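Student: I've got a structure open and want to talk it through. Can we go strand by strand and then look at one residue?

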Amino acid sequence: MNYEERDPYGIYKNRASATTGTRVGDDYVPALMGANTLIGNDVYNQREEDLGSIKEIMLDMRSGKVAYAVLSFGGFLSLGEKLFAVPWTALKLDTTNRRFILNVEKDYLRDAPGFDKDQWPNMTDHTWSKSIDAFYGAAAHTDDRGLGGRGM
């Protein structure tokens, strides 16, 4: 599913509006997006492999910025699925296909540090966040907020 299909308020209806986004070729890139419309969005890699979907968006309450997207991978009907915290900066919006792109191979993701839906990691732990940033090749930032080094 994609963000336009999950848009109960019509946020993306006027895709050509210069006041709410920009045009890049034939694509419209929203300047702001509703978090609720992003939950459930598909995530693919550049080889067109389905990597899962966004289950949650983690906000840094001190800075007000998005720190991580929680990606669900594998399983069926939430059984056997593995969750991954992916640095928000590692995801790119694919406006043509209305989904996100994560530049990792499917096999690489299978070995990614993940967690069970009943045992979430402490995402504010500096060591944990540095390891996640390093795994996905996300830029490490100074820890100016005391929140796991995510200084977005």
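Student: In what sense do E7 and strand E8 pair, and over how many bridges?
Tutor: This is a predicted model, so take everything here as computed. Within that pair, Asp-94 stands opposite Arg-99 in E8. E8 covers residues 99-102, and its pairing with E7 is antiparallel, over four bridges.

Student: Which strands stand at the edges of the sheet?
Tutor: Six strands make up an open sheet with mixed pairing, in the order E6-E5-E4-E3-E8-E7. A strand with a single partner has one side left without a neighbour in the sheet, so the edges go to strand E6 (82-87) and strand E7 (91-94).

Student: What does the twist average from one strand to the next?
Tutor: Keep that order in mind, E6-E5-E4-E3-E8-E7. Going from one strand to the next, the twist averages 40°.

Student: At about what angle does helix H3 run to E6?
Tutor: H3 spans residues 126-136 and lies across strand E5 (65-73), E6 and E8. Relative to E6, helix H3 runs at about 85°.

Student: Now the residue: is Asn-45 buried or exposed?
Tutor: Asn-45 sits in the loop between strand E3 (42-44) and strand E4 (50-60). Leaving out residues up to four places away in sequence, Asn-45 touches Leu-51, Ile-101, Leu-102, Val-104, Glu-105 and Lys-106. Buried means under 20% relative accessible area. Asn-45 has 2% relative accessibility, so Asn-45 counts as buried.

Conventions
Residues are numbered from 1 along each chain as its sequence is written. This is a predicted model: local features need pLDDT of at least 70, side-chain atom pairs count only at pLDDT 80 or more; totals for chains, interfaces and linings use all residues. Side-chain values use heavy atoms; hydrogens and water are left out. Helices (H or I, at least four residues) and strands (E, at least two) are DSSP runs, numbered from the N terminus. Buried means under 20% relative accessible area, exposed over 50%, partly exposed in between (1.4 Å probe, protein chains only). Contact means heavy atoms within 4.5 Å. Two strands pair if DSSP finds at least two bridges between them. Axes are lines fitted to C-alpha atoms, for helices over the stretch in contact, and angles run from 0 to 180 degrees between N-to-C directions.
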